[in-house]
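Work through the exercises below with the structure in view. Try each task before you read its solution.

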Amino acid sequence: MLKASDVSFSYESGRRTARRVIDRVSFDVDRGTIVGLLGPNGSGKTTLVRILAGMLHPESGQVVLDGASVIEMSRRDLARRVALVPQETHTTFDFSVIDMVLMGRYPHLGPFELERPADLDIAREALDATGTADLESRSFRTLSGGEKQRVVIAAALAQASDLLLLDEPTTALDVGYQFEVAMLLKRLNAEHGTTMIVSTHDLNLAASLCERVVLLKSGSLIAQGPTAETLTAENIRLLYNVEADVQFHARAGHLTVVPLGRP
Amino acid sequence: MTHAVAAHRPRVTVRVRLAWTIAVFGTIAFLACLLAPLAGSTPIHLSTVFDRSLPYADNIDAQIFWVARLPRVLAAALVGSSLALAGVVFQALLRNPLASPDTLGVSAGASLGAMIAITFNLDFSLFGVTAVPVASFIGSFGALGIVYGLSAARRRGTSTIVLLLGGVTVQALLSAVIAFVQYLADFTQTFRNVRWLMGSLDVASYPPLLAALIPMGTSWIGFATLPRVLDLISIGHESAAARGVDVDRFERVALVSASLATGAAVALAGPVSFVGLIVPHLVRLIVGADHRLVLPASALFGAAFLIGCDLVARTIIAPLELPVGIITAIIGGPVFLWLLLRKS
């Protein structure tokens with residue numbers, strides 16, 4: 001579905017030597033899978049997500065979505081197929097939950113077009129799919145962190161049900177809400193076949209959620225592959241410089257990572 | 001199952017809400033325009049004003065209505081709606097509910113232009129508009145240029161935080177220059193300067209209104225493209241961009257339109273404070289946060305609000321006519337404090 005090949009990116013720093021943030025990164029994402037993007041702070045995860053969302057243009061290499069190059073697509077066309085879920089969403093004004101979800105319809109409407117009842121139906125289906133239907137007329141501001149993130153995911157679904165890019169979607173949440181959001185993502189993937197790319201710091205979230213992981217360090221790809229084979233103690237040492245015990249947790253049904261110390 | 005649930009929920013779309021919003025606020029603004037001219041030193045009657053059996057030359061009420069009072073009421077409408085629209089746009093763009101048309105130094109620039117024109121007795125006219133409003137309008141764009149240049153220099157596009165801090169700094173700097181220019185003024189000029197800074201709607205003919213309509217009309221074209229984009233930008237630049245918004249382009253449209261509206265309003269009436277700050281907040285209490293409703297409602301309610309304030313200014317200690325800026329500040333200050341306390 002999505003194919004990144006030899007993607008490189010540098011931020012212009014004003015001086016002659018631009019800092020290379022992404023260095024020749026290639027990976028594939030198959031339709032219907034959840035792929036985790038792991039790496040320490042500053043490894044380029046967020047930059048990579050922005051490139052995949054078409055917000056930044058790679059310096060070289062390309063990102064291809066179903067055979068079409070992302071940078072050749074218009075912003076609107078791309079936004080109809082790929083939606084972004086940021087780490088946190090702060091609203092300046094007091095929007096209701098349904099207002100927030102309807103904003104996802106923006107790329108589907110003409111410049112002066114207002115939403116039709118059909119758009120309202122799509123927004124409500126997204127609320128149903130994320131278990132937030134009963135929050136419809138609540139003020140977004142008054143929601144808990146987990147509810148907010150579920151509503152933002154609903155807005156992303158109303159925008160593009162094909163591919164969701166989630167940039168550290170659980171980092172700002174406590175354990176309970178982290179679990180709630182992880183369960184929701186799993187269910188959306190299982191029931192609706194939604195493809196997801198999830199950047200995260202949480203190795204256990206990646207282990208429970210992602211079929212495949214892509215490991216990124218200082219902008220370079222360290223390893224990628226099925227989670228069970230790639231999320232190894234050795235790769236974790238390479239990635240974070242930490243000794244970790246990686247075990248299969250029978251009751252959880254996935255690998256668990258417990259950091260033990262610096263090597 | 002999903003559809004069964006959906007069918008039970010109300011299907012009120014934004015179209016219906018927009019129609020209601022325009023109908024209600026449009027009626028309020030229209031009634032304000034129609035009724036405000038009736039009050040004043042000489043009472044006139046609406047039935048006489050629109051009495052077709054009386055020739056216009058003999059109809060004193062109609063003459064007072066159309067010639068003496070309506071221009072001032074329409075000036076209040078234009079200034080009020082421009083300031084309210086600019087306030088909405090600045091608040092969304094800067095993602096800050098405390099922003100107003102004054103925040104980026106645009107009105108301080110306009111004031112400086114006017115002070116210079118008054119103090120140095122500039123005497124010219126452009127398209128039939130006298131030196132003070134022209135200089136004021138130029139001043140507003142000088143200030144915008146400085147602030148925009150500062151924020152654009154930092155990186156491509158504009159940076160909200162640099163815009164905000166740069167605007168506040170430029171505003172303080174311009175206030176100092178205004179004080180300096182005022183210091184150079186003689187007694188009469190100082191009086192004119194001080195009176196101008198109070199903000200007043202002393203408009204007694206139609207040409208200044210037509211001149212102001214040029215920049216204001218241009219700003220309306222810009223505003224018309226903005227409502228949904230402002231919703232998205234107010235949530236965050238990143239999520240707006242991910243939804244297909246060309247954030248940099250719309251930020252420029254928003255900045256220039258809001259500055260055109262502010263510059264034209266200040267050139268016409270002087271710096272009338274609080275309208276651009278509180279009207280958007282009052283409107284949001286009624287229509288919610290959606291800018292497709294907030295923007296037209298603020299334009300209409302801003303017009304009615306300033307007409308009302310000017311009515312008070314004209315009549316409260318008649319026959320003296322107070323500068324409307326005093327009334328907006330006296331009404332606006334407490335209203336804003338009430339809004340503030342109400343939230344917390």
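**Exercise 1. Give the strand order of the six-strand sheet in chain A, and find its edges.**

Step 1. The six strands form an open sheet in the order β6-β7-β8-β3-β9-β10 of chain A, and the pairing is mixed. Strands here are DSSP runs of E with at least two residues, helices are runs of H or I with at least four, and both are numbered from the N terminus. Two strands pair if DSSP finds at least two bridges between them.

Step 2. β6 and β10 (220-226) of chain A are the edge strands, as each pairs on one side only.

Step 3. From one strand to the next, the twist averages 15°. Angles run from 0 to 180 degrees between N-to-C directions, with axes fitted to C-alpha atoms, for helices over the stretch in contact.

Before going on, note the ground rules. This is a predicted model: local features need pLDDT of at least 70, side-chain atom pairs count only at pLDDT 80 or more, and totals for chains, interfaces and linings use all residues. Residues are numbered from 1 along each chain as its sequence is written, while chains are lettered from A and ligands numbered from 1 in the order in which they are written.

**Exercise 2. Describe how β3 and β9 of chain A are joined.**

Step 1. β3 (residues 34-38) and β9 (residues 212-217) of chain A run parallel, joined by four bridges.

Step 2. Now pick out a facing pair: Leu37(A) is opposite Val214(A) in β9(A).

**Exercise 3. Why is one side of β2 and of β5 in chain A left without a neighbour in the sheet?**

Step 1. Four strands of chain A make an open, antiparallel sheet, ordered β2-β1-β4-β5.

Step 2. β2 (19-29) and β5 (68-69) of chain A stand at the edges with a single partner strand each, so one side of each has no neighbour in the sheet.

**Exercise 4. Which elements of chain A give two or more residues to the side that touches chain B?**

Step 1. Count the contacts: 31 residues of chain A meet 32 residues of chain B. A contact means C-beta atoms, placed from the backbone, within 7 Å.

Step 2. The elements are α2 (75-79), β6 (82-85) and α4 (117-129) of chain A.

Step 3. α4(A) gives the largest share, six residues.

Conventions. Two residues are in contact if their C-beta atoms, placed from the backbone, lie within 7 Å.
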